Amino acid sequence: MGENAKNNALYSVKMRSSALKNGENRHISGAESITEAAGVPAVCESLVSRAQNHALGDADEIHIKIEKIKREDVIYLKALPVTSRTASSASEGREIMRLELERLGVKRAREVLAKLAETYRMRGAMLLDADSLERLEDDAERGLRVTRMDAAEDLESARPPLKPVKNHFREALVLATKAAHAPGVLAEICVSDDPQYTTGYVASQKSGYVRIGPLKEKGDGNGGRILLYRGASPRECIEFLQKKPVLVTGVPRLPPGAAAPPRMAQTTAAFLEAAIEEKKKAHLYRQTTVIESAPGPKIVYGGREILLLASNNYLNLASDPRLGAAAAAAAEKYGSGSGGSRLTTGTIYEHELLEAELAEWKGTEAALFFSTGYMANTGVIQALCSKSSVILSDEKNHASIIDGCRLSGARTIVYPHLCMEYLEEKASLYYGSGGLIVSDSVFSMDGDAAPLPRLAEIAKKYGFFLMLDEAHATGVMGETGGGLSEMYGITPDASVGTCSKALGGEGGFVCGSSVLINYLKNYSRPFIFSTAPSAPTTAAAREALRILRSEPERVRALREAVQFFCEQLRLRGIGAKSESAIVPIQIGDENRSLKIAHNLIKKGIYIPAIRYPSVPKNKAILRAAICCAHKKEDLDFAASVIAKEIQESAV
Ligand code: PMP
């Protein structure tokens, strides 16, 4: 730690959250971090995020308290040594806890354990005289809050936690170490209130931190903490617990023996089978579906023709003979595979021509073609951002954007879907950081569109780079299918797109300035380390772009078909609207969505149920996707069958 940092003040940032239940303000969670001044905003944010995602439910109130701490007041304590005791049941776990207390000289251990139930509704801990079991806290209803402590390593690394996830063990050990050193504290017992976390502990200076589990059943959200005191000055003890700033050194990330299971265990067939079983139980198991014809408004499936309301082939180009002919000619000339990456032997004129055409179409200086849209997204984000970057990303962004953010290691702040106020607040907080704002242009599951003008305004105002993924807007939005950028006349710093949807082929692309494209050629790993897209793929993409530009009537036909379909659903009492080609139909329950989708197939309509993780849990949808070649009579028929299935499945 440098001399400057040493002289700086520290800050204790505390969060507590509560929910209103039956007119009563019920405590949900609390947490604390000690940080240097620079870390305060990030710590606040991660604590708030944690409060918003707590297993005990949604918070109605979140309080953040920031207090300055003088460095010279801080004491450093070495973390208690940790041992683990495994019980075969919760009652056996409690027995172990009782015996541990007795070993520490607590004679009425059984009664102490019985008192744990009284702590369940308290925000803080119970402080008991170890012999008389008299309560010693100032506020019996609230209990005693042990605060002003953190792991010294967290502070020293001066790096805010990347993820607002609670590390139960680490936080408990920090608190237990402080508590065990409070004057007069004989022992502490704790059971977590996290319904998923069944382990607790007995801690003392004498026997260290004894982890015991399980102490309760999974799903039980009752937990609490009791401190046992023996001495003549409880006030001194309380002062220490509440006020003395403590940094604990040598706190391990994981408890001994409870470290992640050895890797081999995770790759055994038994482990994989159990994981698959879990998916099945949750109605989240997925399988591939075999289609027996070319994609189009109708397909052959299971030996019969059915109506396809599921494909991203929005402009019906995937089976257009002109794309097939272009691909065949290219295969004839260049073969089926490129045999090398773009920077070695994989580049042919087709690639360069396609890139020039994409750039011209999007109104940018240059473009770069990737094998898939997934690779384009990960490749741009990973190249532009690193650990020291800030990314602001919409919560409903596509998985390839999320993965790009993860790959980059950047600090990623996920803003609530389309919430420009939140985005602006964060952008202003990181003003001048040269970070990235990234958004889908049309969101892949709900089909709604991002407010591009506001995104561009915020990016410009606070010096952020704007990246827009036009995957589902290409060929769909804007007068001629040029995407949201055409619709608003705004060119983002990077426009990503894919040829795999309306353009009826495959391959992703990014359009932007020459310097951006040159940079990506040198830094984007999916571009550098993957074999170049094949000649047939590239030629088909060029032909698709040519058709899109010369046949804008396809885009108009698509828009009309979507509007007609939504109207037919609404006429039958199903709320449906769409700005794009995607019409989400809300169902909710995963199992119900599967049943409806299954019945629809039987009746000749293919619409997939989209479930977690593509959408949040319990928010399953039927995702209908419309194609410009869908006939009115087919859409009318589909709307009536869908409405009937939904209504019947509700009873
Ligand atoms: N972005 C979005 C919004 C998408 O929906 C998808 C595909 N589902 C991709 C990117 C990835 O494109 P590709 O299929 O070409 O890899």
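Where does N316 lie? N316 lies in the loop between β14 (304-308) and α10 (321-334). Helices (H or I, at least four residues) and strands (E, at least two) are DSSP runs, numbered from the N terminus.

## Basis of the model

This is a predicted model, in which local features need pLDDT of at least 70 and side-chain atom pairs count only at pLDDT 80 or more, while totals for chains, interfaces and linings use all residues. Residues are numbered from 1 along each chain as its sequence is written, and side-chain values use heavy atoms, with hydrogens and water left out.

## Overall make-up

The chain contains 22 helices and 25 strands. Its C-alpha trace spans about 90 × 65 × 50 Å along the principal axes. Of the 651 residues in the chain, 51% are buried. Buried means under 20% relative accessible area, exposed means over 50%, and partly exposed is in between (1.4 Å probe, protein chains only).

## Backbone geometry

Most residues other than glycine have a negative phi, and most peptide bonds are trans. N316 is not a glycine, yet has a positive phi of about 55 degrees. N316 counts as buried because its relative accessibility is 18%. R148 also has a positive phi, near 65 degrees, and is a residue other than glycine. R148 is placed in the loop between β6 (126-129) and β7 (149-151), and its 15% relative accessibility makes it buried.

The peptide bond from G213 to P214 is cis, with omega near -5 degrees. P214 sits in the loop between β10 (208-213) and β11 (224-229).

## Salt bridges

Side chains of opposite charge can pair when their charged atoms come close. A salt bridge is a side-chain nitrogen of Lys or Arg within 4 Å of a carboxyl oxygen of Asp or Glu. A search of the whole structure finds 37 salt bridges. One of them joins the side chains of E67 and K14 at 2.7 Å, N to O. E67 lies in strand β3 and K14 in strand β1 (residues 10-21), so this pair ties together parts that are 53 residues apart in sequence. Both E67 and K14 are buried.

E36 and R71 meet through their side chains in a salt bridge of 2.8 Å, N to O. This pair links distant parts of the chain, with E36 in strand β2 (residues 24-36) and R71 in the loop between β3 and β4 (75-78), 35 residues apart. R71 is buried, as is E36. The salt bridge between the side chains of E424 and K461 has an N to O distance of 3.0 Å. It too links distant parts of the chain: E424 is in helix α14 (residues 420-429) and K461 in helix α15 (residues 452-461), 37 residues apart. E424 counts as buried at 17% relative accessibility, whereas K461 counts as partly exposed at 47%. D138, R235, E239 and K243 are linked in a network of salt bridges.

## Helix packing

Two packed helices are described by the angle between their axes and the distance between the axes. Helix α12 (residues 373-384) packs with helix α13 (residues 399-408) at an angle of about 30 degrees, and their axes are 8 Å apart. Axes are lines fitted to C-alpha atoms, for helices over the stretch in contact, and angles run from 0 to 180 degrees between N-to-C directions. α12 and α13 are therefore roughly parallel to each other (angles under 35 degrees count as roughly parallel, over 145 as roughly antiparallel, 65 to 115 as roughly perpendicular and the rest as oblique).

The crossing of α12 past α13 is right-handed. A crossing is right-handed if the near helix is turned clockwise from the far one by less than a right angle, and left-handed if anticlockwise.

## Contacts across the sequence

I626 is located in the loop between β25 (620-625) and α22 (632-650). With 0% relative accessibility, I626 counts as buried. I626 and L558 are 68 residues apart in sequence, and their C-alpha atoms are 7.1 Å apart in space.

S89 is in the loop between β5 (82-86) and α3 (90-103), and is partly exposed with a relative accessible area of 28%.
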